[in-house]
Amino acid sequence: EQHVSDFGTLKYDTKGKNFWSRAYNNSPAGNTGINTPTALAVDQSGNVYVVGNYQTDFNSPTTQVILQYQNSSNKKEDGKQKVISNDFNIGNGGSTKSVCIDQQGFLYVTSHEKTDSNSSTVIKFDSSGQAIWTKKNNASSVAGAVMDNTGNLYVASTNNDSFVVFKYDGSGNQTVFSGDIQGEAKAIAVDPNSNVYVAGVPYKQQSGSVVVVNYDSYGSIYW
């Protein structure tokens with residue numbers, strides 16, 4: 001059985017009017033394969049970046065892609081699609097999970113390696129798709145990533161059945177937040193003061209239980 005799926009990206013105005021819609025298929029023929037977008041972000045100029053994964057079938061290796069959609073007052077140029085990175089090396093058929101953009105327009109793509117259950121990767125790219133640095137860390141799953149207003153990236157993960165947050169500055173220097181919070185991280189947010197909030201599901205608890213942890217920007221737990 002042949003499976004086909006495309007990326008679909010649409011731009012709307014504040015009243016719900018559709019400006020444009022774009023499709024992307026990584027197959028050379030354009031009519032095969034599984035194309036799965038995983039996240040998008042918008043830079044300060046209004047350009048849209050979409051990250052995702054591609055497989056020729058469910059059993060094939062996964063490759064990765066970053067798409068850019070141009071923001072322009074020229075209708076012919078608005079929404080113009082460009083592949084800025086294709087099959088960047090995150091190892092072992094990894095799958096993209098999130099993308100964040102800092103105020104200078106650098107992209108931070110987070111991924112998890114399917115065939116290595118304790119490894120995830122963060123890559124910093126410039127706006128043309130050139131990798132600047134790559135960092136690997138120990139994580140059995142990745143919940144998501146956010147960026148504060150000073151350019152620090154926070155990645156919510158789970159390792160050894162506990163919450164862990166990896167913080168990276170623009171140079172790739174890493175700080176690890178832990179605190180022995182048992183559970184699986186599911187979501188992350190940061191406030192204007194760089195306080196970090198991670199929500200997740202506790203292990204060995206009744207269904208419906210939720211754990212929320214508040215860290216300061218240095219990794220100390222407020223509550």
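Which side chain does a polar contact of 2.9 Å join to that of tyrosine 49?

## Glutamine 68 and its contact

The partner is glutamine 68, whose side chain meets that of tyrosine 49 in a polar contact of 2.9 Å. The model in which this pair is found is a predicted one.

Glutamine 68 belongs to strand β6, which spans residues 63-69. Its relative accessibility is 15%, and because buried means under 20%, glutamine 68 counts as buried.

## The sheet β16-β17-β18

An open sheet is built from 3 strands in the order β16-β17-β18, with antiparallel pairing. The edges are taken by β16 (184-190) and β18 (211-215); each has a single partner strand, so one side of each lacks a neighbour in the sheet. From one strand to the next, the twist averages 20°.

Strands of a sheet pair through backbone hydrogen bonds, in either a parallel or an antiparallel manner. Here, β16 and β17 (residues 196-201) are paired in the antiparallel sense over 6 bridges. Within this part of the structure, glutamate 184 stands opposite valine 201 of β17.

## A nonpolar surface patch

Strand β18, an edge strand of the sheet, contains valine 212. With a relative accessible area of 41%, valine 212 is partly exposed, in contrast to glutamine 68, which is buried.

Valine 212 also takes part in a nonpolar patch on the surface, together with Val210, Tyr222 and Trp223. The accessible area of these residues together is about 470 Å².

Key: Residues are numbered from 1 along each chain as its sequence is written. This is a predicted model: local features need pLDDT of at least 70, side-chain atom pairs count only at pLDDT 80 or more; totals for chains, interfaces and linings use all residues. Side-chain values use heavy atoms; hydrogens and water are left out. Two strands pair if DSSP finds at least two bridges between them. Helices (H or I, at least four residues) and strands (E, at least two) are DSSP runs, numbered from the N terminus. Axes are lines fitted to C-alpha atoms, for helices over the stretch in contact, and angles run from 0 to 180 degrees between N-to-C directions. Patches are made of residues with over 30% relative accessible area and no salt bridge: like charges are joined within 9 Å, nonpolar side chains (Val, Leu, Ile, Met, Phe, Trp, Tyr) within 5 Å. Accessible areas come from the Shrake-Rupley method with a 1.4 Å probe; for residues, only the protein chains shown count as cover. A salt bridge is a side-chain nitrogen of Lys or Arg within 4 Å of a carboxyl oxygen of Asp or Glu. Buried means under 20% relative accessible area, exposed over 50%, partly exposed in between (1.4 Å probe, protein chains only). A polar contact is a pair of N or O atoms within 3.5 Å; within protein, one must be able to donate a hydrogen and the other to accept it, and residues adjacent in sequence count only if both atoms are side-chain atoms.
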